[in-house]
Each structure stands twice: as C-alpha cells, then as structure tokens.
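The sequence and structure are shown first.

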Amino acid sequence: MLSNLLEALYNKVIVNIVLKRSSCDVYIETCSKKAVVNSQRKTFETIQLNNRVLEFISSYTKESPYSYISILDMSPDQGAIPVCTKSRLSEYKDLDSYEYKCFNEKWLYFTLKNDLYEIEKRYKEIGVDFIFSPFTLLHNFFEDKVNSHLSLYILVQDSFLSLAVFENSQLMFAEHLDMETSADDEMLSQIMDDEEIDLGESSSIDLDDVDVIEDMEDLEDFGDIEDLDSLEEIDEFSESQDIEEELYEADEPIIESDNNNFNEDYQRFSLIQSSLGHYYKDKRYESQFVENVYIADGVGVSGDLKRYLEEEMFLNVYIRHLDIPMEVCALSKEELGL
Amino acid sequence: MKYSYINPKKKSVFTQEIQLLLSFFSITIIMLLLTYSFLLYKNYSFKQDKETLTAQKIELEKSFSLMEDKISYIEKQKILSETIYTKNIVLKDSIANLFDLVPLRITLSEAQLLKNGLILYGITPNKDIYNFMLQAPLRSIFHRTYSSFYPAKDGWFRFVSTNYIDNQEEIEEDE
C-alpha cells in the first residue's frame, strides 16, 4: 500500500541497452504514470560497461529509485519453437540448459542459461531487470501483421538475424542467426560443396546408361507451360500482396548501397535463403509456401536485400524501419504496466 | 504480459542511505520519546510525592497542635501535681506534727483532717492529761478549739476535739 503510494510519487527511469558489433546504444526514458517526461539516447563506441557508460546511466538512474535496466538478449544460442507443451519440447530441442518462456501458451522462446548469467554478471554494477528475446520484440513490432496469414518476419540487427514464420499469431518456425559465425560456416559449406563438385567431375558418367526416351516423357508433362499463363493464378499471387504495407514503405527513404552494405546484405540474403530452405525441408515444421517477408530493419539495410529476395526467391518484401532501443523500451513499459 | 527471462529486482524508495538516515532519525525520536515519557513519569511521581508530603505536612501540623495541647495539658498537670505534692508534703508535715503533738498516754482512734480544721477522736486516761498535754498545743495552732468528753467503761474518757483555723480574710472581715 505504502510502496504503491511512494511508487506513484516517483518517475520511472527505463534504461535500454542494445549492444552492436563494436558499439552500444543506450536509450533512457523517464516516464510518469501517464506520459514520457524525458528521453535521452547516446551511442558509445565500446561494448564494455566502462566509466563513461556508467556515468551516463547513473546520472539518470539516481534521479529515481524506480529505475529499470533492460537488455536485448544478444546471445547466439537462442531461438524459438512452435510448441509450448512440455511433452512436445523434446521434439524440437533439449532445453535442459536453457531458460525458456511461453508466449501466450502458443509458442516458446529460449536462451542459454549461462548466457543469462553472463549478462547479469557483465551488468552487475547497474543490475539487470529485464532481458528480452528478439523474438518477442519481433512479435510485438509486427503485432498488426502476425495475426494474419502466413508470412516470414525478420529482425535485422547489426550482427544477428532473427527469423520467424507466423501464421495467425502462431509461430511456425524460428531461427536466430549470428552473421559472424554463420559467415564462417557458410565458407566451410562452400568449400565442402566445391569438393563434392570436384568428386562429381572426377567420377565418369556413362551417358549410354541414360534412358533418353523415359526422360523425354517427363519433359512432356513439364512442357504444359500454358497453364502458368492463366490469369487466375496471377491474380491469386497478387492477392497475397500487402498494399497497405507497400504504401507505408513508399514513405520511407531507400538507403543507397555501398560496397560494405552490399556484402552484408548478400550475406543476409544467403542466410535467409538457407534458413527458409531449412524450414521447407525440416519435417518437424508444418511448412507452407512463404510469399510475404516483413523485415524489421534495425541497421538500415540497402535496397539490395529487398531486390535479392524479390528477384531470387519471388517474395513480396516489405521493410519497416525499427528503432531497436525504443522497441526494447516499449517491451519494458509493457512489463511494468505503463 | 511477461516477456523478460528474468524478474525485475525489487525496487524500494528506501535506499541504503535513506535507511541509515531513517534509522538515525527513528533512534533519535525513540530516545526523545523515552526521555519525554521518563520526564512525564518523574513529573507524575513528583506530584504524587508533593501531594503525599502536603498531606503529611497537614497531618503533622494537626498533630503538632495536638501535641501543643497535650504539652500545655501536661504542664498544667505538672503544676497541679507540684501543687498536690507540695500540699501533700505540707499535709505530711502537719500530720507528723500532729502525731508529734499527741502525747504517749493519749491514744487516737480517729483523726479527720478538714480544710480548715481537725477533728480528733481518742481515749485519754483523764481530762487533765488531755487538757495540758494536747489541748494546749492545739490551741496554739488553731484559732478555735472545742473539746467534749464522755467516759469509757474502764474509767478512761473518750474525747472529741474539734479545731478550726479561721481564714485570714474571714478574720479580717470579722474585724
């Protein structure tokens, strides 16, 4: 009773820390019960909690005893699975060493316990109050979209990609990709592919063994190309497009691509491509054809990524700019009931 | 809805500094209250003592006057006793004198000491012995002396001697 009364007298200070590859964004919002009193943002060229960061944070947190520190979970070993019942968890992942939480009893997000301890240890000087999963952030950011038909949602961060397929608010598939480690994996897999090709070439193919007539029959079936020209199907395709989102997107400025962006965007594209392939192939997930992709852009992707996805994978791509620290702040406010 | 993996830490207005400050204040206030209550108690007990002492004082004053009364009464008694003592001495002397007056041959059977007189009853062998040996000294002491005789069976005489001393005032009046 007394504590509630005292709480009402003070403003709440929400400190949101989002780590990037070599810097960290600190966004601080001072809120009263009804409105935002003050907001401040600063980027520090460090990922450590040094004196400058501490000073900046403590200059706000000392104003009110009700100050909360929110962190977006950046650990590579995290994800989400489309079930919430304990008996079915093991089908997707062994969650013994993971901390997990159900979202609306529909799906579940998880992260490694050790990573949580690591975060708490790293920020022990200021104390961490909330650690959010990027998947909840993605869900909340596209709350107006996830409850509709099946689409792919991607949260693009500096060095991470969080992909999730939602249909009617139900998660179908999710993957959290670390661009740095994935880049290495990809290089490795590329080398492996090359080796396979070499092997293929070295092994001789006996062309005489190929039954040309049988193959021709298959080709005839395939040759009914006129079916594809029917207008109906084109109409269906266009129905799935999100006109509203396109209008919204048209207002946003398109970022010109430079060489660095191009590389990163290509890397992102290939990660998305392989991840979607994973979704289609893995029998544990109810795979359906994805037509729309919504990208929550936290870093400023160039038009290249959109072009790649549209041209290479025939997807309708919608990019929405996302201010990650502000979204983390929104999650904190929801937690605090503000 | 809860999104976070961890629960927020309990927030309290009472930071360590404030807790320290509050504890100091509360200790001070407690000490002040204790002192205040102690003083209240002392005040009360002093009042009680004062009332008791006042009551005692009144009581003592009463007993003092009572004692003064007693003292005056005792002083009166003392004066009276002294008077009586003096009178008794006088009486004793006068009785001793009386018995000294009485010769051996005369036996007294009764003597009545009056305020201003003496009545003697006794036996004398004869009237002369009485007249010379007893009546003569009695006459010198008392102003008026009356004697009467009546014979006893053995030939002796029983006598009654009535003697009076007239007061000086009466004498003066008479004069």
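## Helix packing in chain A

The model is predicted. In chain A, helix 5 (residues 134-141) and helix 14 (residues 324-336) have axes that come within 10 Å and cross at roughly 90°. The two helices of chain A, helix 5 and helix 14, are therefore roughly perpendicular to each other.

On the side of helix 5 of chain A, the contact is made by Thr136(A), Leu137(A), Asn140(A) and Phe141(A); they meet Ile324(A), Glu327(A), Val328(A), Leu331(A) and Glu334(A) of helix 14 of chain A. By class, the residues of this contact between helix 5 and helix 14 of chain A are five nonpolar, two polar and two charged.

## The sheet of chain B

Chain B contains an open sheet of four strands in the order 1-2-4-3, with antiparallel pairing. Strand 1 (107-113) and strand 3 (144-151) of chain B are the edge strands, each pairing on one side only. From one strand to the next, the twist averages 15°.

Eight bridges join strand 3 of chain B to strand 4 (residues 157-164) of chain B in the antiparallel sense. Arg144(B) has Tyr164(B), in strand 4 of chain B, as its bridge partner. Helix 2 (residues 127-141) of chain B packs on the sheet and touches strand 2 (117-124), strand 3 and strand 4 of chain B. The direction of helix 2 of chain B makes about 160° with that of strand 3 of chain B.

## Interface of chains A and B

The contact between the chains takes 30 residues from chain A and 13 residues from chain B. Chain B and chain A bury about 2,000 Å² between them, and 59% of this area is on carbon and sulfur atoms. Of the area that chain B buries against chain A, 46% is supplied by Tyr3(B), Tyr5(B) and Lys11(B), more than any other three residues.

Two salt bridges are found across the interface of chain B and chain A. Lys2(B) forms a salt bridge with Glu335(A), with the closest N and O atoms 3.9 Å apart.

## Salt bridges in the whole structure

Over all chains, the structure holds 16 salt bridges. In the salt bridge of Glu264(A) with Arg21(A), the closest N and O atoms are 3.0 Å apart. Glu264(A) lies in helix 12 (residues 259-281) of chain A, and Arg21(A) in the loop between strand 1 (12-19) and strand 2 (24-31) of chain A, so this pair ties together parts that are 243 residues apart in sequence.

Note on methods
Residues are numbered from 1 along each chain as its sequence is written. Chains are lettered from A and ligands numbered from 1 in the order in which they are written. This is a predicted model: local features need pLDDT of at least 70, side-chain atom pairs count only at pLDDT 80 or more; totals for chains, interfaces and linings use all residues. Side-chain values use heavy atoms; hydrogens and water are left out. Axes are lines fitted to C-alpha atoms, for helices over the stretch in contact, and angles run from 0 to 180 degrees between N-to-C directions. Angles under 35 degrees count as roughly parallel, over 145 as roughly antiparallel, 65 to 115 as roughly perpendicular and the rest as oblique. Contact means heavy atoms within 4.5 Å. Ala, Val, Leu, Ile, Met, Phe, Trp, Tyr, Cys and Pro count as nonpolar, Asp, Glu, Lys and Arg as charged, and the others, Gly among them, as polar. Two strands pair if DSSP finds at least two bridges between them. Buried area is the accessible area (1.4 Å probe) that two parts lose on being put together, summed over both. A salt bridge is a side-chain nitrogen of Lys or Arg within 4 Å of a carboxyl oxygen of Asp or Glu.
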